[in-house]
Amino acid sequence: MRTIQTSVPSTVLEQPATRDRFAGQPSVSRLGERLLRAAFDQSGIDQRHTVIDGFDMTRGDGGNSGDFYDRDSGTLLVPGTRVRNELYTQEATKLYIDAARQALEADEGIGPDDITHVVTVSCTGFYQPGPDYMLVRQLGLDPRVQRYHLGFMGCYASFPALRAARSFCEADPDAVVLVVSAELCTLHVRSSNDPDQIIASSVFADGAAAAIVSGTPGAGAGLRLEAFDTALTPVGEADMAWTIGDEGFEMVLSSYVPKIIGEHIHDALGPLFSRQAALAGRPYKDVEYWAVHPGGRSILDKVESNLELRPDQLTPSREILRRYGNMSSATILFILKNILDDSSAESEEQVCAMAFGPGLTVESALMTKLSPDKAGTR
């Protein structure tokens, strides 16, 4: 992986103001308000970003927020799925293009004509011609570029995207793969007394990230993609789910998810580590960097305690959660970029990346952070 670049919309949701706005909705019960304030205050998030202009909860100054927020009464509205998806079509395209353009500009050795494959990722909206098509048209890629879209997989979807990119590069030494994830989670946030919806309202955010993967090294620091694994926990099918309703997409994210992850994380990671002779039987903390998808602060706490990691090993994950919230599949790329940008690391350091999604699905990968002129897929 030669480079990772990110993009977020300009509207910022400050967590305390957003909490107060949700807590003050007329439909929220006294119990709902207590649950809501606890969820927001314990989220580990300072701010998030949203594509809904004027939805920053402090000004309500119009923009495209009219379908989502009545600024005169301060009421959060409930638009239908069509309205939400139309805004997705408009705004997701901008984020896809911006993140991808940044990735191309950041890699001096790669130009639009060099891209052979495009893999796009999202679970928060749909349209066709889709984001893969828009990247080809607006970035001037070769019209014959191979295009793939991974849709509706959830927070772990960047892992199968990177795994596919590595496979393309292994099959063709000249392959150069552009992977772009864009998620507009706030389009589906709503006021509710339901604990699952309250948790979703307290953590989800919007953002996009793009990576370029090739079999040859780039000039800057990069990541060598070494091994991937996927696992299903024996329980949890009803605790994390993602469906489409009449009033947007509906998230099930129960409070039991951190407990399930804590109980089964060793079984999920064991096969990945056992395939690496240098890691088999060693403490997990021997892997210096950990990029763990922050579904919420409690998930990071469970991973840290159950794997006996040092607190600083999850600093990149906690920092991205604090600054950006949970951007579904794009989040892990934000964390990996944070690790790449850490200039204090040695020339080569191991990285374990992990994300969780519906099912409960656990995707994981081992990578090596490489110094400039040594980056690549292997």
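**Close-up 1. Helices H1 and H2 cross in a right-handed sense.** A crossing is called right-handed if the near helix is turned clockwise from the far one by less than a right angle, and left-handed if anticlockwise. H1 and H2 pack at an angle of about 170 degrees, with their axes 10 Å apart. That makes H1 roughly antiparallel to H2 (angles under 35 degrees count as roughly parallel, over 145 as roughly antiparallel, 65 to 115 as roughly perpendicular and the rest as oblique). Axes here are lines fitted to C-alpha atoms, for helices over the stretch in contact, and angles run from 0 to 180 degrees between N-to-C directions. On the H1 side, the contact is made by Gln15, Thr18, Arg19, Asp20, Phe22 and Ala23, and on the H2 side by Glu33, Leu36, Arg37, Phe40 and Asp41 (contact means heavy atoms within 4.5 Å). Please keep in mind that this is a predicted model, in which local features need pLDDT of at least 70 and side-chain atom pairs count only at pLDDT 80 or more, while totals for chains, interfaces and linings use all residues. Residues are numbered from 1 along each chain as its sequence is written, and side-chain values use heavy atoms, with hydrogens and water left out.

**Close-up 2. The buried residues of helix H1 (residues 15–23) are Gln15, Thr18, Arg19, Phe22 and Ala23.** They cover an arc of only 130 degrees around the axis, which puts them on the same side of H1; the arc is that of the directions from the helix axis to the C-beta atoms. Buried means under 20% relative accessible area, exposed over 50%, and partly exposed in between (1.4 Å probe, protein chains only). Helices (H or I, at least four residues) and strands (E, at least two) are DSSP runs, numbered from the N terminus. The cover over these residues includes strands S2 (11–14), S3 (47–50) and S5 (75–76), together with helices H2 (30–41) and H6 (195–203).

**Close-up 3. Leu35 lies in helix H2.** With a relative accessible area of 36%, Leu35 is partly exposed. Apart from neighbours within four places in sequence, Leu35 is in contact with Pro195 and Ile198. The C-alpha atoms of Leu35 and Ile198 are separated by 7.4 Å, although these residues are 163 residues apart along the chain.

**Close-up 4. Helix H9 (residues 315–324) has Pro316, Ser317, Ile320, Leu321 and Tyr324 as buried residues.** They cover an arc of only 135 degrees around the axis, which puts them on the same side of H9. Among the elements covering them are S3, strand S13 (289–292), helix H8 (297–306) and helix H10 (331–340). H8 and H9 pack at an angle of about 175 degrees, with their axes 11 Å apart, which makes H8 roughly antiparallel to H9. Here Arg297, Leu300, Asp301 and Glu304 of H8 meet Ser317, Arg318 and Leu321 of H9. Gly325 follows H9 and has a positive phi, near 75 degrees.

**Close-up 5. His293 sits in the loop between S13 and H8.** At 1% relative accessibility, His293 counts as buried. Its side chain makes a polar contact with the side chain of Asn326 (3.2 Å). A polar contact is a pair of N or O atoms within 3.5 Å; within protein, one must be able to donate a hydrogen and the other to accept it, and residues adjacent in sequence count only if both atoms are side-chain atoms. Beyond four places in sequence, the residues that His293 contacts include Cys155, Leu300, Thr331 and Phe356.
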